[in-house]
Amino acid sequence: MIKSARQFFRSGLTRNANQNPGSTTTPQSDGYPVRIPSTVVGWRTQAKLACGPIPGNKWSSSSSGCTFGLFQRGSHTVISCPECAVHHPAINQAVKYLTLATVTAQTQPYDESTGTGDLRYVQLQVERYTNRICLTLVYNAEKIQECQAGFARLYKELRRLDAEGAESSGGKRLFHSFWLHYNDGDTNTIFARGNDRWQLIDGPEYVREALPTTQRNNDKDSSNKQNDGLLFFLPSTFRQGNMDGFDEIALEVARAIPIPSSDSNPTKVCELYAGVGTLGLTALSYAHHHSNGNGLSWLRCSDENPNNPKCFEKALQSMPFEVVKRTALDDDQNKQQQQGRYDDEDDFLTEQLLDQFLNEDDDDDYNKPRRYPEKKHKKKNYDIRKVTYKVASASQALNEGEAMGANVLIVDPPRKGLEEEVLHQLCQPINSRQKKTDNIEVLRDEDGYYDDEDDYDNANQNINLTNDVTTLIYVSCGFDALARDTTQLLSSNGGWELIRSTGYVLFPGSNHVETLAIFQRVDPRERGKRRQEKY
């Protein structure tokens, strides 16, 4: 895959993209440098494993008990992967506990041919700082009553094994939280749709991770500390399998965004396919630290998962006041923030975990098993023009005006690449007559866009929805789709130029490469003018 990517970025259209007369960019010396952004073993901090019968079960004479692993190529036979080299050690330990516990609890693995059995899949997510596992058990059931007895036995046994393991490891438990997911469908989909299919059984609701811009206290100079905030993940939201590696990509994305020099030269960022906001929030934090306090003018994120905004809002609440530019808090809230006191237990725990990130404290208070109930608390007010999140597909977000006024667009699409409408909009030539505005309604209300209410759905047909975007940052997990999209962008009338492309071996040991591609564009008339001046 890397060889194919290098050939593509060194050939024809992409190689010459930065060498056109009048181009404002400098060609990259290596058409496609490749980086390994993490260790090559123990990097996987999230795993989804299938559940199957134990071959020649040596712990029990019955057929109960499960093995956990991946499907053998071309079949649904589960091949176990004990002590997997790429798994984080906590995942391997959790798989050991699961295997033993399913035997004792007499858990039946799901049988696809008959549609019977109990446990179908498990998802294991490592909270990196605590090295603890958020475990999701996917049961062949529609609701909890159908699996309650079997789950109760398994849960009890897992907790027993966890307690025994803690006694021999200095009191640190392995499990962060336990979730149940109900999936009685007859497809290969791991998770069924609907929030009613998820249930938190025990432990914190969110897995917390430091924003990539957070500097841990690895030197004696306390002035280097940055308390930048946290990212929050639910088991139902997307999370990268290699978080260490993706942190490096997120930082490189942030560096690629033009730093605003003053309020008169603002940087406005729209992120499509945003997930919980990892890339956008990292950029928001990075810009604040590298722009003399100007930061981004605004950030608009969007994605389809309805659970993302909860995580996004929690992240905003954990970030410094001056970064997210919240509106004025009342005196009591300000005082609590300055003194580190909070009415809400979850706010306090967030601050406590941030202190641990920065001080590398071995205090294990956070590791003690406990349940954190949701508490109603005063919602912190944010300037909605500064940071927003919309639940929408990428094309819906564009049509609702999310990129209006944005000069930077970040996209991190699935393997199939950009949606057709998104690519179509990016390939449109710049319309110099279109008014610059952050609000699409300003353009819709102008004469000629629609005459009556029946034409409202077609009101965008004369509007270039990405007209102000001059920097496109494309994070790709599917190279074939990236090659297709890049070819269309560079051969279109959109005025795009490829600045650089970098490959990341995010999953060492696999034939896969992530790519970060940076594009810039200028008005074709400006490029032609410079070409005439050059010659």
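Residues are numbered from 1 along each chain as its sequence is written, and side-chain values use heavy atoms, with hydrogens and water left out. Because the model is predicted, local features need pLDDT of at least 70 and side-chain atom pairs count only at pLDDT 80 or more, while totals for chains, interfaces and linings use all residues.

The protein has 15 helices and 17 strands, which are DSSP runs numbered from the N terminus (helices: H or I, at least four residues; strands: E, at least two). Of its 535 residues, 54% count as buried, where buried means under 20% relative accessible area, exposed over 50% and partly exposed in between, with a 1.4 Å probe and protein chains only. Among contacts (heavy atoms within 4.5 Å) between residues at least 6 apart in sequence, 75% join residues at least 24 apart.

**Aromatic pairs**

- The structure holds 14 aromatic pairs, counted when rings of Phe, Tyr and Trp (its six-membered ring) have centres within 6.5 Å, with planes under 30 degrees apart taken as stacked, over 60 as edge-to-face and the rest as tilted.
- Tryptophan 179 and tryptophan 198 form an edge-to-face pair, at 6.4 Å centre to centre and with 80° between the planes.
- Tryptophan 179 lies in strand 7 (residues 175-182) and tryptophan 198 in strand 8 (residues 198-202), so this pair ties together parts that are 19 residues apart in sequence; both tryptophan 179 and tryptophan 198 are buried.
- The ring centres of phenylalanine 312 and tyrosine 389 are 5.0 Å apart and their planes stand at 55°, so the pair is tilted.
- Because phenylalanine 312 belongs to helix 7 (residues 308-318) and tyrosine 389 to strand 13 (residues 387-391), the pair ties together parts that are 77 residues apart in sequence, and here too phenylalanine 312 and tyrosine 389 are buried.
- A cluster linked by ring pairs contains Tyr97, Tyr139, Phe151, Tyr155, Phe175 and Phe178.

**Charges over rings**

- Arginine 120 lies over the face of tyrosine 110, at 4.1 Å from the ring centre, the criterion being that NZ of Lys or CZ of Arg is within 6 Å of the ring centre and within 35 degrees of the ring normal.
- Arginine 300 lies over the face of tryptophan 298, at 3.8 Å from the ring centre.

**Helix packing**

- The axes of helix 3 (residues 89-104) and helix 4 (residues 148-167) come within 9 Å and cross at roughly 135°; axes are lines fitted to C-alpha atoms, for helices over the stretch in contact, and angles run from 0 to 180 degrees between N-to-C directions.
- Helix 3 and helix 4 are therefore oblique to each other, given that angles under 35 degrees count as roughly parallel, over 145 as roughly antiparallel, 65 to 115 as roughly perpendicular and the rest as oblique.
- Residues making the contact include Tyr97, Leu98 and Ala101 of helix 3 and Leu154, Leu158 and Leu161 of helix 4.
- The axes of helix 5 (residues 243-256) and helix 6 (residues 278-289) come within 8 Å and cross at roughly 55°, so helix 5 and helix 6 are likewise oblique.
- Among the residues that meet there are Phe246, Ala250 and Leu251 in helix 5 and Leu279, Ala283 and Tyr286 in helix 6.

**Proline 53**

- Proline 53 is found in strand 2 (residues 46-53) and, at 54% relative accessibility, counts as exposed.
- The C-alpha atoms of proline 53 and threonine 67, 14 residues apart along the chain, are separated by 5.8 Å.
- Leaving aside residues up to four places away in sequence, proline 53 touches Gly65, Thr67 and Pro109.
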